[in-house]
Amino acid sequence: MVLVTSVKFDNFNEIGDPVSQAKIYEAQAADELLFVDIDASLENRCSLLIDVIRSAAEEIFMPFTVGGGVRTIDDFRLLLLNGADKVSINTSAVKNPNLINDAANVFGAQCVVLSIDFKKTQDNTFKVWTNGGTVETDLSPVEWAKEGERRGAGEILLTSIDRDGTRTGLEIEMIKDIVGAVTIPVIASGGCGLASHFVEGFIEGKASAVGAGTYFCFKDENPMQVRSQIKNAGISIRLHK
Amino acid sequence: MIGIIDYGMGNILSVKNALEMIGAEVEICHNPQQVTNVEKIVLPGVGAFRDCINNLRSKKFVEVLEEEVIKKGKPILGICLGMQVMAKRSYEGGENNGLGWFDAEIVRLKPQDSSLRIPHIGWNNISFKKDIFLFRNIPESPDFYFVHSYFMECKVPDDVIATCDYGGNFTASVQKNNIVATQFHPEKSQDFGLTVLQNFSNWTF
């Protein structure tokens, strides 16, 4: 497994070992880690990032959400037993929405993260895309988020495919729409390029959390610096040490 | 030797790793018999109350826990759902009875601030009572990681050793004699979490 950055879910650049990078993020005071196996849903398998999260879980004592190709309750169970605190589902939830209900019933809503990737389609509306951003669906992200909550998801992980890796800022309008449509926490991601983008996600987007990948892989940016900026903007964030 | 109860629900691996990181000797107790051989017990828990208590019952852990914890006084640390199952009853997904070790009920969080979402997921700081062994060497107002929709509402105020504010105070940690428990996940709360585990490991009751 190798850690990669992408641009619009394509143009992958290898960064390095995911576990080493995770340790660095932990030292730099990230609040949570999201491990997503982006190949898994394309190949219709659950890659079972078991080796990665087991290694990470040996030395990193902070929350992990794990996803990528998760299809069944057994997949959930295996990931949770091996170090994941939450499991995210994306493609399989669209194909089989009952998976959301089943997982929430067995493991509790707080373990179930509904990951929604969205992109503009040819008629200029936003739609949900699955399979690593390769398959367009007819679903409106807002309606799908609402249904996800109804079925028992505990959190929404919302990612803009168009903005992924571009560092042009988050898709604020969509974040606002999703946050306004559900009562569960929303993690906004896709597009952070400046610390101010994170702040916008919280203040304008009203997201509960902001996620970033590419942002931390170039130049000098690290979670510790971002959290200072977030704190200075008056947003309530954990004071580290 | 600290035994972690494996009843099919809980992030056993993370708890084991965290305890080993602080130097404790750890054994995963897959069956009730193993619980009789350990000096301290950790009861983790992730998921829903009903499955938690049903699993504990069906795997016959309830009897051995009553024996080892209540009768013999072995120290036990309950984490998250492992704390909640120690209550008398829970209202999550219907009414279910717990172990009844604390005169308390498990009820849904109802933050007074409507912009605060449920589940309560993320880091939040707690207020703890002074001179509690569990929070030794931890400064005031430490952050821990929470991920839950329900909390333990205690009828006995003295049982509550820490609270957390999420649109109103809720119980973050309880203690009664040899039984201690946290709503937050020490195994996921970095340095302060490891200190909590260290304090439990060092505890002589």
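These legends go with close-up views of a predicted two-chain model.

Residues are numbered from 1 along each chain as its sequence is written, while chains are lettered from A and ligands numbered from 1 in the order in which they are written. Since the model is predicted, local features need pLDDT of at least 70 and side-chain atom pairs count only at pLDDT 80 or more, whereas totals for chains, interfaces and linings use all residues.

**View 1. Chain A as a whole.** Chain A carries nine helices and 11 strands; helices (H or I, at least four residues) and strands (E, at least two) are DSSP runs, numbered from the N terminus. Its radius of gyration is 16 Å, close to the 18 Å that the globule rule gives for 241 residues, so chain A is as compact as a globular protein of that length. That radius is taken over C-alpha atoms, and the rule is 2.2 Å times the number of residues to the power 0.38. Along the principal axes, the C-alpha atoms of chain A fill a box of roughly 45 × 40 × 35 Å. Buried residues make up 52% of the 241 in chain A. A residue is buried if 20 or more other C-beta atoms (placed from the backbone) lie within 10 Å of its own, exposed if 12 or fewer, and partly exposed in between. Of the contacts in chain A with a separation of 6 or more, 61% link residues 24 or more positions apart; two residues are in contact if their C-beta atoms, placed from the backbone, lie within 7 Å.

**View 2. Confidence along chain A.** The pLDDT (the predictor's confidence in each residue, from 0 to 100) averages 88 in chain A, and 95% of the residues score at least 70. Strand 1 (residues 3-7) of chain A has the lowest confidence, at a mean of 78, and helix 6 (residues 141-151) of chain A the highest, at 98. Where pLDDT is low, the predicted coordinates should not be read in detail.

View 3. Helix 1 (residues 18-27) of chain A has A:P18, A:V19 and A:A22 as its buried residues. They cover an arc of only 95 degrees around the axis, which puts them on the same side of helix 1 of chain A; the arc is that of the directions from the helix axis to the C-beta atoms. What these buried residues pack against is strand 1, strand 3 (33-36) and helix 2 (50-59) of chain A. Just after helix 1 of chain A comes A:A29, with a positive phi of about 70 degrees.

**View 4. The loop around A:D162.** A:D162 sits in the loop between strand 9 (155-160) and helix 7 (172-181) of chain A. A:D162 is partly exposed, with 18 other C-beta atoms within 10 Å. A:F118 lies 44 residues away along the chain, yet its C-alpha atom is 7.9 Å from that of A:D162.

**View 5. Strand 4 of chain B between two partners.** Strand 4 (residues 76-79) of chain B is covered on both faces, with B:I76 and B:G78 buried on one side and B:L77 and B:I79 buried on the other. It pairs in the parallel sense with strand 3 (residues 40-43) of chain B over three bridges; two strands pair if DSSP finds at least two bridges between them. In that pairing, B:L43 stands opposite B:G78. Strand 4 of chain B also runs parallel to strand 13 (residues 179-182) of chain B, joined by four bridges, and here B:I76 faces B:I179.

**View 6. A four-strand sheet in chain B.** This open sheet has the strand order 6-5-7-10 and mixed pairing. Strand 6 (96-97) and strand 10 (150-154) of chain B stand at the edges, each with a single partner strand, so one side of each is left without a neighbour in the sheet. Strand 5 (residues 89-90) of chain B runs antiparallel to strand 6 of chain B, with two bridges between them; B:S90 has B:N96 as its bridge partner.

**View 7. Where the chains meet.** The contact takes 28 residues from chain A and 26 residues from chain B. On the chain B side, helix 1 (12-21), strand 8 (120-128), strand 9 (143-148) and helix 6 (190-202) each supply at least two residues. Helix 1 of chain B gives the most, with five residues. The chain B side divides into 12 nonpolar, nine polar and five charged residues; Ala, Val, Leu, Ile, Met, Phe, Trp, Tyr, Cys and Pro count as nonpolar, Asp, Glu, Lys and Arg as charged, and the others, Gly among them, as polar.
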